[in-house]
Amino acid sequence: MKIRRIAGENLASLAAAFEVDLAGDVLGPAGLFAITGPTGAGKSTLLDALCLALFDRAPRLGGRRDAAKIGRDEITSIAAHDVRSLVRRGATSAWAEVDFEGSDGRGYRARWAVRRARNRVDGRLMDQELTLTSLDTGDKFGGTRTETLEAIRGRLGLSFDQFRRSALLAQGDFAAFLRADAAERADLLERMTGTEIYGAVSAAAFVRARDLGGAVRAAEIGLGQIALLDDSARGAASEVAAATALAATEAATALRAAEDADAWFATAAALARELAIARVDAERAREAIAGADELRARLARAEAAEAARPAWRACEAARTESARAATAIVRSTEAQHAAEAARAAAEDAERAIRALLDELARRWPEVRAAEMSGSRTSTPPTLAALRERVAAAEAALTRDAEIAPLTADGPRWAAALGREAQAIAA
């Protein structure tokens, strides 16, 4: 534990804010220094600020936080040794701060603060507040005042009584330290110097030496109880030991043989189980093969049929084409007959037209003479009949022209039908 800084405000005889940097450039390297000054200068107030921030107590008040109340009313009535009595008269608040290095080597800041109600000079003094903050991380420790004091004590490693008997000796307390018994002084010095580990090592060494001494004494007693053998007894014991060693060797050999046999039987049993399983699997495989015979036969028939699929498709196509050819032949034959009839009618019409033309040629002079004389009132009947015959002949010729292509395709369809019939027969 090491004090680095003491600060405060409105405590006892120190009105303004004050700060003493014990780890700074001036006091840090000094190692040893003295706090001097006239009475009332504030020397004891520095120590009060130190104890208030760390323990919520003050040496000048006897180390007590409260006592019997004095005063005329509730506002001015506080305990005679209440730590809040260190608040300077006329001040509405006061505080004390201490930066220290804990027993874990880390830096902490303990703060004690108190204020009056409504920040008025005549206000009632509120309860004091304590906080503990890590200077490295800013984390706060403890919650209530009691928890915060426990956290500070855990990092200091000293109680208030131990602190004021060792690190801080107020006036008249040095004699109390000297009057303390040896065990209490040793405990204080170990905590101050950090040498408590050596006490623990010493105690552990004492316990270890005591235990080992007891073991040595027990071994000596055991050795004293062992009787020495003469030469003949030692020889007999040697023979017994040799026979025992030989029997142990033979037993070890027999044990290894038995273990090998046991391993062999275990392997044989495992192989037998695997063989039984393999036989069951083989039987299932044979049943599956037998059940697949019908599928294989169907597959063979399907494969054989698949080879004939192109021929079958060609046959079906030939049949379709043959039916189309037969239909075309029938239509061509009908068209041919109609064409022949039309041709005969056309030939008859042509002959009739030629006959009419010949008759018209014979009678043309007569008709011409009648027209010129104006005696003809209408077309001769023979001429009208001639025109009708000409129209019929032209219609017959037109129908003959339409039917001619169909009659021309007849031989082609007949030839195609013959080829298809040959293909089907093949």
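Which residue of β6 does Val98 stand opposite? Val98 faces Ala110, and that pair is a handy way into the notes below.

1. **What you're looking at.** This is a predicted model, in which local features need pLDDT of at least 70, side-chain atom pairs count only at pLDDT 80 or more, and totals for chains, interfaces and linings use all residues. Residues are numbered from 1 along each chain as its sequence is written, and side-chain values use heavy atoms, with hydrogens and water left out.

2. **The sheet.** Six strands make an open sheet, in the order β2-β1-β5-β6-β7-β8, with antiparallel pairing. Helices and strands here are DSSP runs numbered from the N terminus (helices are H or I with at least four residues, strands are E with at least two). Two strands pair if DSSP finds at least two bridges between them. The edge places go to β2 (18–21) and β8 (140–141); each has a single partner strand, so one side of each is left without a neighbour in the sheet.

3. **β5 and its two partners.** Strand β5 is joined to β1 by 7 bridges and to β6 by 9 bridges, running antiparallel to β1 and to β6. On the β6 side, Ala96 has Trp112 as its bridge partner. The hairpin of β5 and β6 has 5 residues between the strands, and Gly105 takes a positive phi there, near 85 degrees. Of the 9 residues in β5, 7 are buried, so the strand is largely enclosed by the rest of the structure. Buried means under 20% relative accessible area, exposed means over 50%, and partly exposed is in between (1.4 Å probe, protein chains only).

4. Axes are lines fitted to C-alpha atoms (for helices, over the stretch in contact), and angles run from 0 to 180 degrees between N-to-C directions.

5. **The core.** The largest nonpolar core has 37 residues, and those with the most contacts inside it are Ile3, Leu11, Leu54, Phe100 and Trp112. Such a core is a set of buried Ala, Val, Leu, Ile, Met, Phe, Trp, Tyr and Cys residues joined through side-chain atoms within 4.5 Å. Elements supplying at least two residues each include β1, β5, β6 and α1 (43–55). The biggest giver is α1, with 8 residues.

6. **Trp112 and Thr45.** Setting aside neighbours within four places in sequence, Trp112 is in contact with Leu11, Leu52, Ala53, Val83 and Trp95, among others; contact means heavy atoms within 4.5 Å. Thr45 has its place in helix α1 and is buried, at 2% relative accessible area.

7. **Salt bridges.** The count is 14, a salt bridge being a side-chain nitrogen of Lys or Arg within 4 Å of a carboxyl oxygen of Asp or Glu. Arg4 bridges to Glu101, with the closest N and O atoms 3.4 Å apart. That pair links distant parts of the chain, with Arg4 in β1 (residues 2–9) and Glu101 in β5 (residues 93–101), 97 residues apart. Arg4 is partly exposed at 27%, and Glu101 is partly exposed at 27%. Arg111 and Glu97 meet at 2.6 Å, N to O. Arg111 lies in β6 (residues 107–115) and Glu97 in β5, so the pair ties together parts 14 residues apart in sequence. Arg111 is partly exposed at 28%, while Glu97 is buried at 10%.

8. Arg120 pairs with Asp122, with the closest N and O atoms 3.4 Å apart. Arg120 is partly exposed at 44%, and so is Asp122 at 46%. Salt bridges with shared partners join Arg5, Glu19, Glu97, Asp99, Arg109 and Arg111 into one network.

9. **α7 against α8.** Helix α7 (residues 231–291) and helix α8 (residues 293–307) pack at about 35 degrees, with axes 4 Å apart. The contact is made by Ile289, Ala290 and Gly291 of α7 and Asp293, Glu294 and Arg296 of α8.
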